[in-house]
Amino acid sequence: MTLAAERVTRTADGRLILDGVGIDPPPGAMTGLLGPNGSGKSTLLRVLCGVLAPASGVVTLDGRPLGDLRRRDVARRVAVVEQQADTTVELSVADIVRLGRTPHRRAWNPPSAEDERAVRHALERTGLTDRADRSWHTLSGGERQRVQIARALAQEPRELLLDEPTNHLDIQHQHDLLSLVRELEVTSVVALHDLNLAAMYCDHLVVLRRGRVVAAGTPLDVLSEELIADVYGVRVTVTTPDADRRPHIRVLGTLTRERAAAGR
C-alpha cells in the first residue's frame, strides 16, 4: 500500500476546488496528473502531502489517515517539488539540497556522514555536482528546478509528488528529469501539461476537470481523441507509432476557433 485519496473535497473562498476526488497511485509506478489550468492538480498534490487538509474524505499512507501521523514521519516518506521555489537567504546549491535531510536529523545536530552521502548522491543524479558551491541566486530557472529535485531525492522518499516540474526546463532537461523520476524506486505523482511527455513516461494517468476525476488508467486507455477534445477543447489525432504502444498526440486545432469559424 502507499499514498491514496478517497472522496476528497476541498474548497477555497467558497468555491469547490476538489469534488469527491479518489486517486490510488500504483505502488512503485509513475502516475501523471493531467487537466487544464484550474482543474485542481496543484491543490490535490498539496492535499496528498498534508499541506492542505481536505474538507471531507481522507488521504491515507499505507492505509493510515494522514492526519493520524506525525508530520516528521510523513516528511520522511513523502517529498514534494513545487512549481516554483525562492529564498532571500544566501544559500549554496549544496545547502538547499541538505534541507532534504531535515526530517532525518535531530534539531541542531550537524549533518551526519549518512546525510552527506545522500546529498552527494542527489547532486550526482541531477547533474549538479559541479554547481554544489554555486549560490542559488546565480542559477537559471531550469537549474533551480533541478536543485529542488535534488533536495527531494536527498530526502530519500518512498513517495514523490511533483507539481509541473518540467515548466522551466528545456527539452533535453525535460526528458532527463522524467527519465530520472521513472527510474526511481518510488511511487511518484507528477502534474504535467504536456500530454506527449505524460504518455511517454507515465505508467498510469489521472485526468481532472473542474475538480473531478474524469478518467484514470494507462496512457493508451486514457488519451483518446474524444477525451482530449472534451477536457481540453482541442481536436487531435492519437496514434501509437511505437512498439511499446505509447500514444502520440498531434494537435490539429482548437474547437472554440473551429466552432466560431463555422458560425460566421
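**Close-up views of a predicted model**

**View 1. Strand S9 and the strands paired with it.** Val206 in strand S9 is the bridge partner of Leu33. The structure is a predicted model, in which local features need pLDDT of at least 70 and side-chain atom pairs count only at pLDDT 80 or more, while totals for chains, interfaces and linings use all residues. Residues are numbered from 1 along each chain as its sequence is written, and side-chain values use heavy atoms, with hydrogens and water left out. Strands are DSSP runs of E with at least two residues, helices are runs of H or I with at least four, and both are numbered from the N terminus. Two strands pair if DSSP finds at least two bridges between them. Strand S3 (residues 30-34) and S9 run parallel and are joined by 4 bridges. Of the 6 residues in S9 (residues 204-209), 5 are buried; buried means under 20% relative accessible area, exposed over 50%, and partly exposed in between (1.4 Å probe, protein chains only).

**View 2. The hairpin of S9 and S10.** Strand S10 (residues 212-217) pairs with S9 in the antiparallel sense over 5 bridges. Arg212 in S10 is the bridge partner of Arg209. The hairpin has 2 residues between its strands, and Arg210 takes a positive phi near 50°.

**View 3. Helix H1 and the residue Gly50.** Helix H1 (residues 41-48) is mostly covered, with 7 of its 8 residues buried. Among them are Leu44, Leu45, Val47 and Leu48. Gly50, which follows H1, has a positive phi near 90°.

View 4. A disulfide is a covalent bond between the sulfur atoms of two cysteines. Here a disulfide is counted when a pair of cysteine sulfur atoms lies within 2.5 Å, and the count comes to 0. Cys49 counts as buried, at 5% relative accessibility. Cys202 is also buried, with a relative accessible area of 0%.

**View 5. The lining of the second largest pocket.** The second largest pocket has 13 lining residues, and those closest to its centre are Arg125, Leu153, Glu156, Pro157 and Leu184. Helix H4 (113-125) and helix H5 (141-154) each supply at least two residues of this lining. H4 gives the largest share, 5 residues.

Key
1 Å grid on protein atoms, 1.4 Å probe; cavity = no way out; pocket = protein on both sides within 12 Å on 5 of 7 lines; lining within 4 Å.
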